[in-house]
Amino acid sequence: MHTHRARRCLAGLAVTGMIVTASVGAPAAAAAPTADVKLHANNVIVAPDGPQKSVELRPLSDRPFGNYTVRLDRSAVAAFAEVTVASDWGDCTTQGEVITCEMADEGEPTSLFDVTVKARAGAEIGQQGTLAFTLTAPDVGTGTYRSTVVVGEGVDLAAERELSLGGKLGERVHVPLTVANRGTKTVHGIVLYLSGSFGFTPSKRYQNCKYSSLILDDSNFACTFDDSLAPGEAVRVDSTFGGTIPADAWAPNVHYSWVAWFTPADWERSASANSLVHKGTDQALKLVPVGGAQARALGQTDTDPINNETGITLTVAGDNNRADVAAEGATVTGAVAATVPMTVGYLNNGPARVGPSGQKALTVNTIVTLPKGVTAVAVSNFCVDPSEKEWKPGKPGARIYSCSARGTIPRGERVKFEFKLRIDRAGSQTGTVKLQGFTSGGSPAKDLDPANDTAKITVKSTDGTGDGGGAGGGGGSLPITGASTGLIAGLGGLLIAVGAGGYLLARRRRTRFVA
């Protein structure tokens with residue numbers, strides 16, 4: 001088998017995340033399955049004069065496939081689209097419009113199979129058909145998943161490449177975004193998507209915009225406009241559009257955000273379109289000038305998705321508004337063989353928030369080293385064994401754990417990680433809680449008082465034996481309290497987001513495909 005290369009994604013759409021709109025067929029089930037495997041294939045819209053697009057078969061759940069086979073039937077789109085499989089996707093054979101590839105699952109959180117789709121020169125707007133992907137794996141069974149390919153009218157939206165802004169703590173900053181029609185055909189409808197930085201929240205939540213979960217502070221949202229844009233015409237968002245820098249944000253700091261403009265048809269096929277579900281209530285955002293229903297029904301696609309993106313850099317001024325985080329250990333007591341609860345973590349003493357906000361803010365990784373005479377039998381799902389090659393949150397049995405909170409933590413808030421420890425031997429034993437600081441940009445960083453970044457864990461056994469109970473180190477089931485949650489801050493300064501496919505499992509198990 002050939003080694004899988006890094007997966008290519010459609011420029012522009014790839015930045016918004018994994019495409020998830022899918023048309024799923026009814027799969028066959030394996031005999032006596034004990035678990036389910038969920039896959040999907042994304043839909044695409046292509047233009048006769050446009051670029052090729054990528055269709056990927058991706059897992060939405062654990063994928064213990066080992067060796068597997070994919071059969072691709074291109075016959076329904078052959079008249080108007082060219083469909084090509086990458087040369088390094090295993091061993092492939094072709095019979096007419098059917099391609100069969102034998103492959104090995106390498107355990108990477110990427111696609112199981114992908115192809116490129118390009119409209120033929122004679123393709124007509126409105127033509128459509130389906131690609132059928134049939135995947136067969138031992139002990140799993142066979143499942144068929146379909147992707148709809150549509151030929152749309154090609155247009156070209158374009159935006160300025162870079163936008164530099166500045167502001168102070170607590171200040172509202174106007175964001176003057178513009179978009180132009182660089183093509184030869186009128187654009188019918190526009191969607192503005194903004195992936196915002198932590199710590200730069202929208203000033204308004206508009207009626208014609210949808211936002212990510214309200215408990216997240218990453219400021220991802222999309223606004224839909226019915227406006228038509230003639231060739232050569234340009235528009236900008238109205239003067240109400242902007243963001244607010246929280247008064248307790250880390251400063252000085254630099255925030256990076258990303259903007260893209262889409263046709264409605266392209267937007268419907270993006271992952272972010274499905275993840276934004278909260279509609280705003282403020283008056284609708286409008287487009288203002290700068291210096292047909294039938295057409296909409298046919299669908300349009302951007303023939304140059306690279307030039308419709310804008311990178312926003314926000315520089316936040318401030319007089320060293322930073323924070324102190326203090327490690328909090330625990331003392332637990334119980335009989336030998338007893339299982340006792342323990343809660344450890346840290347307290348943000350402020351004044352600034354901590355967490356992944358901009359490039360310079362402090363993000364905290366908590367290293368929990370357990371005493372040698374205990375065994376972790378239950379572990380917070382926000383903790384992992386750093387010696388493991390795979391991401392396995394909450395796995396018991398390790399002695400050292402790396403624990404990470406979600407989102408930004410305001411002053412006065414405690415971050416808590418819960419464990420249950422079995423006491424294996426008599427006597428008093430000690431471990432540690434140590435805080436490691438790094439910036440959201442990945443560089444090492446210190447808080448205002450490094451002296452309180454380490455705390456002790458003490459486990460004291462009592463005489464006799466027991467099968468449970470014991471005084472513990474406190475309660476609380478969440479790693480942080482309050483509503484300020486966001487991306488998971490991962491190991492070594494990297495931000496790790498657990499994707500739709502979930503984390504991987506090393507142990508094989510019997511599974512089947514489901515729609």
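**Reading disulfides, a sheet and a helix residue**

The structure holds three disulfides. The model is a predicted one.

Trainee: What is a disulfide?

Mentor: A disulfide is a covalent bond between the sulfur atoms of two cysteines. One of those here joins Cys-92 to Cys-101, with 2.0 Å from S to S.

Trainee: Which hand does the disulfide of Cys-92 and Cys-101 have?

Mentor: Look at the torsion about the S-S bond. For Cys-92 and Cys-101 that torsion is about 110°, so the disulfide is right-handed.

Trainee: Is Cys-101 buried or exposed?

Mentor: Read the relative accessibility. Under 20% counts as buried. Cys-101 has 0%, so Cys-101 is buried.

Trainee: Where in the chain do Cys-209 and Cys-223 lie?

Mentor: A disulfide joins Cys-209 to Cys-223, with 1.9 Å from S to S. The pair links distant parts of the chain, 14 residues apart. Cys-209 is in strand 19 (residues 209–211), and Cys-223 is in strand 20 (residues 220–229). The S-S torsion is about 105°, so this disulfide is right-handed. Cys-209 is buried at 0%, and Cys-223 is buried at 0%.

Trainee: What does the pair Cys-383 and Cys-403 tie together?

Mentor: First, the bond: a disulfide joins Cys-383 to Cys-403, S to S 2.0 Å. Cys-383 lies in strand 33 (residues 383–384) and Cys-403 in strand 34 (residues 400–404), so the pair ties together parts that are 20 residues apart in sequence. The torsion is about 110°, so the disulfide is right-handed.

Trainee: What is the pairing of the bonded cysteines in sequence order?

Mentor: Number the bonded cysteines along the chain. The pairing is then 1-2, 3-4, 5-6.

Trainee: How many bridges join strand 21 to strand 25?

Mentor: Four bridges join these antiparallel strands, and strand 21 covers residues 234–237. Val-237 stands opposite Leu-287 in strand 25.

Trainee: Last, a helix. Where does Ala-273 lie?

Mentor: Ala-273 lies in helix 2 (residues 271–275). Ala-273 is partly exposed, at 24%. Now look past the neighbours within four places in sequence: Ala-273 is in contact with Trp-267 and Glu-268. Ala-273 and Ser-212 are 61 residues apart in sequence and 9.9 Å apart in space, C-alpha to C-alpha.

How values were computed: Residues are numbered from 1 along each chain as its sequence is written. This is a predicted model: local features need pLDDT of at least 70, side-chain atom pairs count only at pLDDT 80 or more; totals for chains, interfaces and linings use all residues. Side-chain values use heavy atoms; hydrogens and water are left out. Two strands pair if DSSP finds at least two bridges between them. Helices (H or I, at least four residues) and strands (E, at least two) are DSSP runs, numbered from the N terminus. Buried means under 20% relative accessible area, exposed over 50%, partly exposed in between (1.4 Å probe, protein chains only). Contact means heavy atoms within 4.5 Å. A disulfide is a pair of cysteine sulfur atoms within 2.5 Å.
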